[in-house]
Amino acid sequence: MDWKLELVFVPVSDVDRAKDFYVNKVGFNADFDERPNDKIRFVQLTPPGSACSICIGEGLNDAAPGTAPSMQMVVSDIQTAHDQLAANGIEVSDIDVQDWGSFVYFADPDGNKWAVQYIPQRPNG
């Protein structure tokens, strides 16, 4: 039996601002944005090529904005990832080269932290 992680909740204070950040600056796909009732808004966003999405919204849980655990994506070209984030106005770290991979770091407007990793031993990142 496969156990697949497919959705991670990211708590934010302003859903529209967060959606704009993830879609228009980071480059996630906007998959779903619905209000099943007046207390719930569910927005699902997926990084290109990822099998796992994030969700943001209203009435989904009581976690404080900015308290998501550090999250990580893997890319096939760390320089291109860095340049794309920086060109879109995201405050991104310099490339951190380690023996096991290279990383860049950024945070969303609420302070949820992200790492982007390139793993040289893995085909396509």
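At 5% relative accessibility, W114 counts as buried, where buried means under 20% relative accessible area, exposed over 50% and partly exposed in between, with a 1.4 Å probe and protein chains only. The model is predicted, so local features need pLDDT of at least 70 and side-chain atom pairs count only at pLDDT 80 or more, while totals for chains, interfaces and linings use all residues. Residues are numbered from 1 along each chain as its sequence is written, and side-chain values use heavy atoms, with hydrogens and water left out.

**Exercise 1. Describe the surroundings of W114.**

Step 1. Helices (H or I, at least four residues) and strands (E, at least two) are DSSP runs, numbered from the N terminus.

Step 2. List the contacts, meaning heavy atoms within 4.5 Å. Not counting residues up to four places away in sequence, W114 touches Y22, F28, I54, M71, Q72, M73, V104, Y105 and F106.

Step 3. Look for a polar contact, which is a pair of N or O atoms within 3.5 Å; within protein, one must be able to donate a hydrogen and the other to accept it, and residues adjacent in sequence count only if both atoms are side-chain atoms. The side chains of W114 and Y22 are joined by one of 2.9 Å.

Step 4. Compare sequence and space: W114 and S70 are 44 residues apart in sequence, and their C-alpha atoms are 5.7 Å apart.

**Exercise 2. Check the length of helix 1 and find which of its residues are buried.**

Step 1. The expected span is 1.5 Å times one less than the number of residues.

Step 2. The buried residues in helix 1 are V15, A18, F21, Y22 and V26. Seen down the axis of helix 1, they fall within an arc of 130 degrees, so they line one face of the helix; the arc is that of the directions from the helix axis to the C-beta atoms.

Step 3. Turned away from this buried side is a face that carries the exposed residues D16 and N24.

Step 4. Strand 3 (40-46), strand 4 (53-58), helix 2 (78-87), strand 7 (101-107) and strand 8 (113-118) are what the buried residues of helix 1 pack against.

Step 5. Inspect the ends. D14 caps the N-terminal end, with a side-chain oxygen 3.1 Å from the backbone nitrogen of D16. After helix 1 comes G27, whose phi is positive, near 105 degrees.

**Exercise 3. Repeat the analysis for helix 2.**

Step 1. I78, A81, H82 and L85 are buried in helix 2. Their arc, seen down the axis of helix 2, is within 100 degrees, so they line one face of the helix.

Step 2. The cover over these buried residues includes helix 1, strand 5, strand 7 and strand 8.

Step 3. At the start of helix 2, a side-chain oxygen of D77 comes to within 3.1 Å of the backbone nitrogen of Q79.

Step 4. Just after helix 2, G89 has a positive phi of about 85 degrees. G89 lies in the loop between helix 2 and strand 6 (96-98) and counts as exposed at 56% relative accessibility. The C-alpha atoms of G89 and F21, 68 residues apart along the chain, are separated by 9.8 Å.

**Exercise 4. Characterise the largest pocket and its lining.**

Step 1. The largest pocket holds about 600 Å³ of space.

Step 2. Of the 26 residues that line the pocket, P47, P48, M73, V74 and V75 are the closest to its centre.

Step 3. Strand 4, strand 5 (71-75), helix 2 and strand 8 each supply at least two lining residues. Strand 5 gives the most, with five residues.

Step 4. V75 is found in strand 5 and is partly exposed, at 22% relative accessibility.

Pockets are found on a 1 Å grid over the protein atoms alone: a pocket is an open set of points where a 1.4 Å probe fits, with protein on both sides within 12 Å along at least five of seven lines, and lining residues have an atom within 4 Å of a point. Grid points are joined across faces, edges and corners, and a volume is the space filled by probe spheres set on the points.

**Exercise 5. Locate D110 and give its contacts.**

Step 1. D110 is in the loop between strand 7 and strand 8.

Step 2. Leaving aside neighbours within four places in sequence, D110 contacts P11, V12, S13, D14, R17, P65 and G66. The side chains of D110 and R17 form a polar contact of 3.2 Å.
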